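Subject: Structure handover

Hello,

Here is the structure we spoke about. Please open it first, then read the notes below.

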Amino acid sequence: MRVMWKSMDKMRCFRKRSIFPFLGFLIASLLFFNLYMDDGYVLEAEKRQLGETLIHPPNSERYVHTFRDLSNFSGTINVTYRYLAGLPLPRKKYLTIGLSSVKRKKGNYLLETIKSIFDQSSYEELKEIVVVVHLADFDLVWCENLVQEITRKFAHHIIAGRLLVIQAPEEYYPSLDGLKRNYNDPEDRVRFRSKQNVDYAFLLNFCTNLSDFYMMLEDDVRCSRNFLTALKKVITSREGSYWVMLEFSKLGYIGKLYHSRDLPRLAHFLLMFYQEMPCDWLLIHFRGLLAQKDVIRFKPSLFQHMGYYSSYKGAENKLKDDDFEEDSIDIPDNPPASLYTNINVFENYDATKAYSSIVDEYFWGKPPCTGDFFIIIFNKPTKITRIKILTGTEDRQNDILHHGALEVGQKSVDTKQGRQCTSYITLGEFKVGNIEVNNVDHKIGFDIECVRIVITASQKEWLIIRSVSLWTAQPVAQL
């Protein structure tokens, strides 16, 4: 292993400003890193050797000291935090929401963000969340004044253990001087984004054992109503599938969800490569190295960027997420089911894609004929209250279902064509490619086992079923 690290050290010395050698080094390092994470131990001598290898010469002395103190890949980073407001409760919550904030030259949105989190949550939802704010500015007077404001406005949430304000002392930070200027960024920009990586690393590290899941937000965000209930629906729908990061906003480091068990190595990862690139780029590499190849982003977005001025130099930042919806409770339940169709599927746009709320996933089939079907078979009979089906997309508006009917059935049995129901009731016809039926449970006298789309006339156009959305009468916890 010494030979391997020496060879990596040589690679590092010869690399100048090209990113490609760095990526090779990154992948090799993280594969080794993950191997040791899974084994649950790192030998002390090897930790020392790894720390020395990753040090860039200009800031080696301080960073060697910091890295040796902090590196324990099987656990959390050894930092003594300052508790500025609140204390953790002994009971683990369902979700931790993390915010890192620094002093801005223009505007301050942190208090509005905290208010939005609490205001958009029901009393029952508030019992399951804890908000952790990391004040990551080295201006202690600013921090003290802000803590006083937070304490005054959110005292009852602090007392209830729903809000914590912390700070990682400056002495735990690696050097922020003489950093590598990758991508020809100016020195102050490199310093800003490098410090931000460390800010996030210390925040993630603190939040490791507070809950089952962790959501990262920025400090200038507005939340949709009942976002926790929407998150629970999505997490429930993903049970049994592997994921590292689920995304509920397409902007920045907003609305990124993790298993809390992954926070220690994400914290180490950000700290190890803090000066290489911005945090949202590092997250792409982290996700890939843990074998989640593709982005898993859900629509509608649950969080919206509301800041007008950036925390970097107070520059204007008007970015908005056009997938954001204020009322997230309208997200469908889509109970567990199997999907079948006899329509000729194009490439990998299979039937299950229409049942997903992931952005850019849909069913796409070649021209259907009269009598063709698309069927959803629930794992167990379900009381459905509302059904909404959309076909076609903005860029393929002709690939809609021109002639079709929506049916629901009961008494499912196995047939040569797959599992089917023995009897069906028609709920309605598609109009301009779409159909929506409300109060379904009042219109039929049984729990539904099958939802079926039947093609009532052949068409020349291909068919895209963009989304099948179902709402149930059962609480999400029972799905």
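Start with Lys180, which lies in the loop between strand 4 and helix 9. This is a predicted model, so please read every value as computed from it. Is Lys180 buried or exposed? Its relative accessibility is 8%, so Lys180 counts as buried, the cut-off being under 20%. Along the chain, Lys180 and Ser194 are 14 residues apart. Their C-alpha atoms are separated by 9.9 Å.

The structure has 19 aromatic pairs. One of them joins Tyr173 and Phe202: the ring centres are 5.1 Å apart and the planes stand at 85 degrees, so the pair is edge-to-face. Tyr173 is buried, with a relative accessible area of 1%. Phe202 is buried too, at 0%.

Next, look at Tyr349 and Trp364. They form an edge-to-face aromatic pair, with 5.3 Å from centre to centre and 85 degrees between the planes. Again the pair links distant parts of the chain. Tyr349 is in the loop between strand 10 (337-341) and strand 11 (363-365). Trp364 is in strand 11, and the two residues are 15 apart. How exposed are they? Tyr349 is partly exposed, with a relative accessible area of 21%. Trp364 is buried, at 8%. Both belong to one aromatic cluster, made up of Phe346, Tyr349, Tyr362, Trp364 and Trp462.

Charges over rings

Two arginines are worth a look here. The charged end of Arg386 sits over the ring of Trp471, 3.8 Å from the ring centre. The charged end of Arg452 sits over the ring of Tyr424, at 3.7 Å from the centre.

Helices

Helix 5 covers residues 110-119 and is mostly covered. Of its 10 residues, 7 are buried. These are Leu110, Leu111, Thr113, Ile114, Ser116, Ile117 and Phe118.

How do helix 11 and helix 12 cross? The axes of helix 11 (residues 263-272) and helix 12 (residues 279-289) come within 11 Å and cross at roughly 135 degrees. That angle makes helix 11 oblique to helix 12. The crossing of the two helices is right-handed. On the helix 11 side, the contact is made by Arg265, Leu266, Phe269 and Leu270. Helix 12 brings Leu282, Leu283, His285, Phe286 and Leu289.

Backbone points

Most residues other than glycine have a negative phi.

- Lys411 has a positive phi, near 60 degrees, and is not a glycine. Lys411 is placed in strand 14 (residues 404-415). At 56% relative accessibility, Lys411 counts as exposed.
- Asn439 has a positive phi of about 55 degrees, although Asn439 is not a glycine either. Asn439 lies in the loop between strand 16 (435-438) and helix 13 (440-443). At 44% relative accessibility, Asn439 counts as partly exposed.

Best wishes

Key:
Residues are numbered from 1 along each chain as its sequence is written. This is a predicted model: local features need pLDDT of at least 70, side-chain atom pairs count only at pLDDT 80 or more; totals for chains, interfaces and linings use all residues. Side-chain values use heavy atoms; hydrogens and water are left out. Buried means under 20% relative accessible area, exposed over 50%, partly exposed in between (1.4 Å probe, protein chains only). Helices (H or I, at least four residues) and strands (E, at least two) are DSSP runs, numbered from the N terminus. Rings of Phe, Tyr and Trp (its six-membered ring) pair if their centres lie within 6.5 Å; planes under 30 degrees apart count as stacked, over 60 as edge-to-face and the rest as tilted. A charge sits over a ring if NZ of Lys or CZ of Arg is within 6 Å of the ring centre and within 35 degrees of the ring normal. Axes are lines fitted to C-alpha atoms, for helices over the stretch in contact, and angles run from 0 to 180 degrees between N-to-C directions. Angles under 35 degrees count as roughly parallel, over 145 as roughly antiparallel, 65 to 115 as roughly perpendicular and the rest as oblique. A crossing is left-handed if the near helix is turned anticlockwise from the far one by less than a right angle, and right-handed if clockwise. Contact means heavy atoms within 4.5 Å.
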